[in-house]
Amino acid sequence: MDNVDLRETSGVVLAYLGDSIWELNIRKYWISKGLNLHNLNKRVKNCVNAKKQSELYREIFPMLEEKFKMLGNRAKNGNIKSFPKSCSVQEYREATAFEALIAGFYVEGRDELIELAIKLCVEEK
């Protein structure tokens with residue numbers, strides 16, 4: 001992904017990539033815990049939804065370097081045309097920003113930031 005410039009690529013396009021990266025990493029995490037399919041699906045759904053991703057975005061945003069904050073803001077304010085009924089418009093915008101950040105971390109090779117987000121998602125609070 002050397003040809004992806006985070007400053008030039010649409011935040012919504014990055015969110016499209018980040019969505020798949022996030023789900024793959026969450027699935028890998030829970031599979032590594034030896035869960036059966038029913039429990040896998042339940043745990044994955046708890047992490048791969050707009051409400052949870054919105055919470056994660058708000059939790060990690062203050063910790064980020066400026067370039068990732070700019071990416072998150074750009075994605076959050078991107079040209080999103082439709083919104084699901086399962087969450088608020090704000091939550092969906094933040095979830096989109098979160099997914100764009102995951103793509104940004106992936107493109108930059110910042111696996112430790114993806115791992116941090118996974119840890120925050122799966123920890124019992």
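1. A residue is called buried when its relative accessible area is under 20%, exposed when this area is over 50%, and partly exposed in between. The structure discussed here is a predicted model. In helix H1 the buried residues are Gly11, Leu14, Ala15, Gly18, Ile21, Trp22, Asn25, Ile26 and Trp30. These buried residues pack against helices H2, H3, H4, H5 and H6. An α-helix has 3.6 residues a turn, so residues three or four places apart point the same way.

2. The length of H1 can be checked against expectation. With 21 residues at 1.5 Å a residue, H1 should span 30 Å, and because its end C-alpha atoms are 30 Å apart, the two values agree. At the N-terminal end, H1 is capped by Ser10, which has a side-chain oxygen 3.1 Å from the backbone nitrogen of Val12.

3. Ser20 deserves a separate remark. This residue belongs to helix H1. Ser20 counts as partly exposed because its relative accessible area is 42%, which falls between the limits of 20% and 50%. A polar atom of the Ser20 side chain lies 2.8 Å from the backbone oxygen of Leu17. Ser20 and Val44 stand 24 residues apart along the chain, and their C-alpha atoms are separated by 13 Å.

4. Ser32 is located in the loop between H1 and H2. Its relative accessibility is 56%, and Ser32 therefore counts as exposed. The side chain of Ser32 has a polar atom 2.5 Å from the backbone oxygen of Tyr29.

5. Helix H2 contains Asn46. At 45% relative accessibility, Asn46 is classed as partly exposed.

6. The N-terminal end of H3 is capped by Asn49, with a side-chain oxygen 3.1 Å from the backbone nitrogen of Lys51.

7. Apart from residues up to four places away in sequence, Lys52 touches Asn46, Cys47 and Cys121. Asn46 is the partly exposed residue of point 5.

8. Gly72 is part of helix H4. Its relative accessibility is 0%, and it therefore counts as buried. When neighbours within four places in sequence are set aside, Gly72 is in contact with Tyr57, Ala97 and Leu101. The C-alpha atoms of Gly72 and Lys45 are separated by 23 Å, with the two residues 27 apart along the chain.

9. The largest nonpolar core has 33 residues, and those that touch the most other members are Trp22, Phe68, Phe98, Leu101 and Phe105. Helices H1, H2, H3, H4, H5 and H6 each give two or more residues to this core. Which helix gives the most? It is H5, with 8 residues. Leu101 illustrates the contacts involved: beyond residues up to four places away in sequence, Leu101 touches Tyr57, Ile60, Leu64, Phe68, Leu71 and Gly72.

10. Thr96 is a further residue of helix H5. Thr96 counts as buried because its relative accessibility is 7%. Leaving out neighbours within four places in sequence, the contacts of Thr96 are Ala15, Ala75 and Ile80. Ala15 is itself one of the buried residues of H1.

11. The axes of H5 (residues 89–107) and H6 (residues 111–122) come within 7 Å and cross at roughly 145 degrees. From H5, the residues Phe98, Ile102, Phe105 and Tyr106 meet Leu113, Ile114 and Ala117 of H6. The residues of this contact comprise 7 nonpolar, no polar and no charged.

How values were computed: Residues are numbered from 1 along each chain as its sequence is written. This is a predicted model: local features need pLDDT of at least 70, side-chain atom pairs count only at pLDDT 80 or more; totals for chains, interfaces and linings use all residues. Side-chain values use heavy atoms; hydrogens and water are left out. Axes are lines fitted to C-alpha atoms, for helices over the stretch in contact, and angles run from 0 to 180 degrees between N-to-C directions. Helices (H or I, at least four residues) and strands (E, at least two) are DSSP runs, numbered from the N terminus. Contact means heavy atoms within 4.5 Å. Ala, Val, Leu, Ile, Met, Phe, Trp, Tyr, Cys and Pro count as nonpolar, Asp, Glu, Lys and Arg as charged, and the others, Gly among them, as polar. Buried means under 20% relative accessible area, exposed over 50%, partly exposed in between (1.4 Å probe, protein chains only). A nonpolar core is a set of buried Ala, Val, Leu, Ile, Met, Phe, Trp, Tyr and Cys residues joined through side-chain atoms within 4.5 Å. The expected span of a helix is 1.5 Å times one less than its number of residues. A polar contact is a pair of N or O atoms within 3.5 Å; within protein, one must be able to donate a hydrogen and the other to accept it, and residues adjacent in sequence count only if both atoms are side-chain atoms.
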